[in-house]
Amino acid sequence: MAPLTCLSAVMAWSAMPAATTRMDFVQPRTALVAMSVPDDISKSGYLVWDDGFKEIFFVSVAAFAGVAATLSFNEIAVQATISKLSTLGWGALGLLSSACCLFQLILNAMSVGCAGFNTVLGPFRPYFLAFAAVLQAWVWTIEVDARVHGAPADASVVVGSLLCVSLSFLPEALSLWVARRGGEVATSDDGAVLMLRVIGMGCTACTAKVQDALAAVPGVAAAAVDLEAESATLRLDGSYCEVDVREEAVKALDAAGFGAKIN
């Protein structure tokens, strides 16, 4: 069996206990239903600091590393595996490791709304990240050894690694960005506060889009968005009428591909 096939089989096997392990993660669906996220499904960003994520990640790393160590004894298999890890391949693995966060950002730019990528792929992020980490360690071990023996540097390894890492942790970067911008709501005492329930968010890319849409509404001084609570908190500019701001906020969310309810 080819090395990549072996590692993929271990990924599938290590994911099986998730159905019986008590976690905060929502179990994945069997099929992707695009353009909508049902309200009866609890929302989670499936981020590296979420409860249960690190445990699954490290167990998966151990499993994948064991397979990689076994396969590394076959030099031909190692070289065959590395030859298949093109920049495009690393990019694809990075997309899977981020639950296709980049694709959702593209859809958000077109105001399509949530496609549900994170609802389906999010629960598998620890496994994909572990798979990517082990492959990265494996490839760089071979690359460093090749340089020690006088082989020229392989630029594709560097480019592929940077692409994979950047895409893999895009959800975390977006989450920190949204939290930083939303912090202005909590730190400021100026103006009234308006609470909205936001309908249709499914990932951190959605929260970023919602925050941008609400922050652009006249009369909104700052906006904080909470994915799990499915809510947005607006700090209002005192020079605007609260009723007008509320109406404009609802319209802005609708135009961005999301719905809203007044709390």
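User: Does α5 pass α10 in a left-handed or right-handed crossing?
Analyst: The model is predicted, with local features needing pLDDT of at least 70 and side-chain atom pairs pLDDT 80 or more, while totals for chains, interfaces and linings use all residues. For α5 and α10 the crossing is right-handed.

User: At what angle do helix α5 and helix α10 pack?
Analyst: α5 covers residues 101-109 and α10 residues 204-215, with axes 9 Å apart. The angle makes α5 roughly parallel to α10 (under 35 degrees). The angle is about 25 degrees.

User: Which residues of α10 does α5 meet?
Analyst: Residues are numbered from 1 along each chain as written, and side-chain values use heavy atoms, without hydrogens or water. From α5, the residues involved are Cys101, Gln104, Leu105 and Asn108. By class, the α5 contact with α10 has four nonpolar, three polar and one charged residues. The partners in α10 are Thr204, Ala205, Cys206 and Lys209.

User: How far apart are the end C-alpha atoms of residues 156-179?
Analyst: The unreviewed UniProt entry lists residues 156-179 as a "transmembrane region", along with 56-73, 85-107 and 127-144. Residues 127-144 are 100% helix and 0% strand, with end C-alpha atoms 26 Å apart. Residues 156-179 are 96% helix and 0% strand, and their end C-alpha atoms are separated by 34 Å.

User: What share of the chain's residues counts as buried?
Analyst: Buried means under 20% relative accessible area, with a 1.4 Å probe. Of 263 residues, the buried share is 45%.

How values were computed
Axes fitted to C-alpha atoms, helices over the stretch in contact; angles between N-to-C directions. Helix = DSSP H or I, 4+ residues; strand = E, 2+ residues; numbered from the N terminus. Parallel < 35°, antiparallel > 145°, perpendicular 65-115°, else oblique. Left-handed = near helix turned anticlockwise from the far one by under 90°. Contact = heavy atoms within 4.5 Å. Nonpolar A, V, L, I, M, F, W, Y, C, P; charged D, E, K, R; others polar. UniProt positions renumbered as here; feature names shortened; annotations may be inferred. Buried < 20%, exposed > 50% of the residue type's maximum accessible area, 1.4 Å probe, protein only.
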